[in-house]
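Morning, everyone. Please look at the chain on the screen before I start talking.

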Amino acid sequence: MGLNQGRQGVVPGRAYFFETAMKIILFIRVIITGGILLLACLSAGQTLQANMDEMVLIPTGRFIMGSGQEDGEAGPDYGVDEEPRHEVYLKAYYIDKYEVTIGEYKKFLVATGGKWFGDTNFQEEYLPEKLFNPPSWDNYPVNYMSWYDADTYCRWKGKRLPTEAEWEKAARGTDGRKWPWGNKFDRQKALVEESSEGWTAPVGSHPEDKSPYGLYDVAGNLSEWTSSFYLPYPGNKINDGRYSENAYVLKGGSFLYFGKMYGRPAARSFAYPAYNHRMFGIRCAKDVH
Ligand SMILES: [Ca+2]
């Protein structure tokens, strides 16, 4: 009995020791794995945030701007205000790879004490708080931007709004293609009226809506303000009275615009600078020094 008792006393002791050791090892492994996962998540988040502010260098050179008979029939296939197709020479510049996000715009509001007013025409239906507060919206493009909002934001970033020509070259490349991906329209490649469910999408989430220079969401998501007045191109004789030095050109289609017509980088739309809309967003440019 004494021997058995002794053995019984020894065996449970070893089991307890090994069990405890295994628990400690398991605990350490859980801590290490959790730490690695946490670091990975933080790293991914930082990378995403850093990328949101990334710019692309557009090199010096000529590109084909506007539209002409090569693009079909004026009216049904392209706007008469896009005529004629013409070559434009631009010096090198930088332009944002993505539309400015809500997350990036929040930093501006915090730093300047500014307010985001949202859609002043539909305040009850589209409260800014509805879009602004949830962190999950941070990678969506900031919208309801007036020209003044867009211009002020870009200046605060040490940047500026692109000219219409700079925007079109960055979106279209140099070869005169109709859409960023080529000459055939495909509603699934971009967030445009034909493919959207009535709202914006996180920037860069339509990888095929990518320009030859690597800009995302140029055919869709939001239309973007430029620093150019809405005026006829040299050689365009058609004037329906809409041209104005009080209105600015917006470029690119949107989730509420028909992509087949307005998703083309050559397409032109315009608005007066104080007007904001849920289709209007920002992409900034910068000089090369
Ligand atoms: Ca866009």
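I'll cover confidence, then a sheet, then a helix.

This is a predicted model: local features need pLDDT of at least 70, side-chain atom pairs count only at pLDDT 80 or more, and totals for chains, interfaces and linings use all residues. Residues are numbered from 1 along each chain as its sequence is written.

Confidence. pLDDT is the predictor's confidence in each residue, from 0 to 100. The protein's mean is 83, and 75% of its residues reach 70 or more.

Strands here are DSSP runs of E, at least two residues; helices are runs of H or I, at least four; both are numbered from the N terminus. Four strands form an open, mixed sheet, in the order 7-6-5-8. Strand 7 (269-271) and strand 8 (280-281) are the edges, each pairing on one side only. Pairing takes at least two DSSP bridges between two strands. Strand 5 (223-230) and strand 6 (244-251) are antiparallel over four bridges. Trp225 sits opposite Leu250 of strand 6.

Which residues of helix 5 are buried? Buried means 20 or more other C-beta atoms within 10 Å of the residue's own, again placed from the backbone; exposed is 12 or fewer, partly exposed in between. Among them are Glu164, Trp167 and Arg172. Eight of the nine residues are buried, so helix 5 is largely enclosed by the rest of the structure. Gly173 follows helix 5, with a positive phi near 80°.
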